Protein chains: 2
Amino acid sequence: MKFGGTSVGNIDRIKNVAQIIKKSIKDGNKIIAVVSAMSGATNDLLKKANEISNNFSDEEHDLLLSTGEQVTSALLSGALIDLKIKSKTLMSWQIPIITQGGHKNSRIISVNTEKIKKFLDQKYVVVIPGFQGINENMNISTIGRGGSDATAVALAKCLNAQHCEIYTDVDGVFTTNPEMNIRAKKIDKISYDEMLEMASLGAKVMQSSSVQSAMLNEIEVYVKSSFKDVKGTKILNQNKISYEKVITGIAYTLDDSKITLQSVQDRPGVASSIFKPLYEKNIIVDMIVQNISADNLKTDVTFTVKRSDFNKTIDIMNNLKSNLNFEKLISNNKVSKLSVIGAGMITFPGVAYKMFDALSKKNINILAITTSEIKISVLIDEINIQDAVSTLHHVFDLD
Amino acid sequence: MKFGGTSVGNIDRIKNVAQIIKKSIKDGNKIIAVVSAMSGATNDLLKKANEISNNFSDEEHDLLLSTGEQVTSALLSGALIDLKIKSKTLMSWQIPIITQGGHKNSRIISVNTEKIKKFLDQKYVVVIPGFQGINENMNISTIGRGGSDATAVALAKCLNAQHCEIYTDVDGVFTTNPEMNIRAKKIDKISYDEMLEMASLGAKVMQSSSVQSAMLNEIEVYVKSSFKDVKGTKILNQNKISYEKVITGIAYTLDDSKITLQSVQDRPGVASSIFKPLYEKNIIVDMIVQNISADNLKTDVTFTVKRSDFNKTIDIMNNLKSNLNFEKLISNNKVSKLSVIGAGMITFPGVAYKMFDALSKKNINILAITTSEIKISVLIDEINIQDAVSTLHHVFDLD
């Protein structure tokens, strides 16, 4: 059971988490609780580090930040003991949880389960601070922000846990953002792949890299709310889901911008000429669409970047103009990427047609299209996004 | 070099501590820095624990509180590295520093110096969180509040340090409290014994148990301010001090109360009958004065207890009345213990006379007297304390 920052955000919430664990023990479970820092604690520590130095030591940074989860762990163990439940906090250096890779961004490579099992066998709840381990130099090393998910998945794997429960401040994964469409429904079961494609919706729920890790190790993940006792969302292997619906969910972005280079000379290496300078400036390109030119001489290239990189990207493209020899640069910094996602679409033809048809009936213009096996994405003007989401949500039987 | 809670109370003060260390490195020193939690941090953690449970687990309590010093350590190392000084925090489990005894109140029994020496040899400042170690179960255990002094003294001992510097928010040890007497002067050198006797003045400076430990191991301690670059006070062996003055300092209490039992039947076991019930109620008795009775039948017994225990003590004594068969109980809950302290007084006769004479000339009545080799204490009405302190401060050439 992993409890995120808001789930342990204050003393009452930590006591509430202790009650959730108590209930699960009554159901006959042996429990490892992985906790994040209390919400705000990590930012407070980071603020102190930044005030000390603009270039704070990575090694000491990890030692500093790791105290956040240590505090939550001790408080949660204390709360459990107060409920007459045996509980023991094990720090990563006591277990040990071994990490590899640089400070601030290492990954867990092994967990010695001996001590954990010893306490579990003696009916203890084992509380473990997330987001940290020790490296080959016996120093504390953190695994990147939000890394408590990764700790939970790694422990579930090494201990052959029945499943991994991620407690958070939302009820689960939804067919689309409920704030955008009041007809959004909680999804009971979703495959790892779909969850990854839903990242733009699911980011608040669980880190993508932890979903990947769960997928690789086939660990069933159960995402649920720590505030309400309602059914959450199970993330599991596609073959364990019987798809009644073609589409599982609808995702969208609100921070994309689009750039089209018209009539670029179509010669080998042109794509690399466009994207190399963006890569060098650390600008992430998402969609890329290039049509085959009618005459094999000229082509149009469209791509999207995050809105925050828009101006920088325009400058770079204008600098390339003489080299690329394109006719015109057309840009739009208020576009959205709208995606329908569903592992079921492979066996149901006509999803694309149904999607485009529904949008055209609403007079929503499609600016670009890309597809993958379980996802179709279109680019539209952001102004149309709410209308588009509710239309597709209805058309694909998600209401 | 040990830095207390106020010395590392905020980011600017931690940066200031880094500058103090930098200066000492320039003077050619190898340095271990022991730090306390930032002032307020420990109380904040304790508050959280109390909100979780009235009976918070001792083991988890220690894990919780130890984060305070860990945070300071990482921040100080970061500040040193920012000044281009190599620095490395070593946690007690990395060294290890081994403790024995129960949680919340254990003591350091050994320090493995290997890792510390390795870093010192490579010109690192080694930063170590005070107040903690790990016990035989590999769990973090704290050594009582204010215990960072003990960590510093233990490290100084195990590493054969040249000396141990205690940085605090006062300039050093004074001949008496400067707030009571503006003529109070900082003492350059004081013996361990004197320092212990000055406890009532020195408590703000250094913990008594750490002074004792320094005395046992003959570690020179240098108490100084982390806020002003002024000479502090050296605490060392009596034989390393050439006493120019008979008296080193004048201490006093402002929280004592006095009880006299008049005409107690003088028989064997009477003293134990008086003090056993006080001991059983955890009431600490300080001064005890009993005169030999003229007729060997009746005697007067006077003793002092802290003012907060006064009412409880009176009740206990009244309950004993039939048993002890004393005539009258006389009490005064506004008395002060006034002490002149000086290792030099052994070789200078007449200190007692000089003291009593000076007080009598000021019409200050002495209620009781006790003496030790390096201290003479008298009990007086608290109302006279300021006058008494300034009189003795002048008489013994301390102005």
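Trainee: What separation do the centres of domain 1 and domain 2 of chain A have?
Mentor: The centres, taken over C-alpha atoms, are 40 Å apart in chain A. Domain 1 covers 2-169 and domain 2 covers 251-395, with bounds that come from an automatic or database domain assignment.

Trainee: Anything to keep in mind about the model and the labels?
Mentor: This is a predicted model, where local features need pLDDT of at least 70, side-chain atom pairs count only at pLDDT 80 or more, and totals for chains, interfaces and linings use all residues. Residues are numbered from 1 along each chain as its sequence is written, while chains are lettered from A and ligands numbered from 1 in the order in which they are written.

Trainee: Okay, on to the two chains. What rotation superposes chain B on chain A?
Mentor: A rotation of 179°, with 0.0 Å of shift along its axis, and the RMSD is 0.2 Å. The two copies are thus related as by a two-fold rotation axis. The superposition is by least squares on the C-alpha atoms of residues with pLDDT of at least 70 in both copies.

Trainee: Which residue of chain B comes closest to that axis?
Mentor: That's Thr67(B), with its C-alpha at 2.7 Å from the rotation axis.

Trainee: Why do the copies meet through the same surface?
Mentor: Because 100% of the interface residues of chain B are also interface residues in chain A.

Trainee: Switching to packing inside chain A: at what angle do H2(A) and H3(A) cross?
Mentor: Roughly 155°, with their axes coming within 9 Å. Axes are lines fitted to C-alpha atoms, for helices over the stretch in contact, and angles run from 0 to 180 degrees between N-to-C directions. H2(A) and H3(A) are therefore roughly antiparallel. Residues in this contact include Leu45(A) and Ala49(A) from H2(A), and Leu64(A) and Val71(A) from H3(A). By class, the contact has six nonpolar, three polar and no charged residues.

Trainee: How about H11(A) and H12(A)?
Mentor: Their axes come within 10 Å and cross at roughly 135°, so H11(A) and H12(A) are oblique to each other. For the cut-offs, under 35 degrees is roughly parallel, over 145 roughly antiparallel, 65 to 115 roughly perpendicular and the rest oblique.

Trainee: Last topic, the backbone. Which residues does the cis peptide bond in chain A join?
Mentor: Ile95(A) and Pro96(A), with omega about -15°. Pro96(A) sits in the loop between S3 (87-89) and S4 (97-100) of chain A. In chain B, a cis peptide bond joins Ile95(B) and Pro96(B), with omega about -20°.

Methods:
Helices (H or I, at least four residues) and strands (E, at least two) are DSSP runs, numbered from the N terminus. Two residues are in contact if their C-beta atoms, placed from the backbone, lie within 7 Å. Ala, Val, Leu, Ile, Met, Phe, Trp, Tyr, Cys and Pro count as nonpolar, Asp, Glu, Lys and Arg as charged, and the others, Gly among them, as polar.
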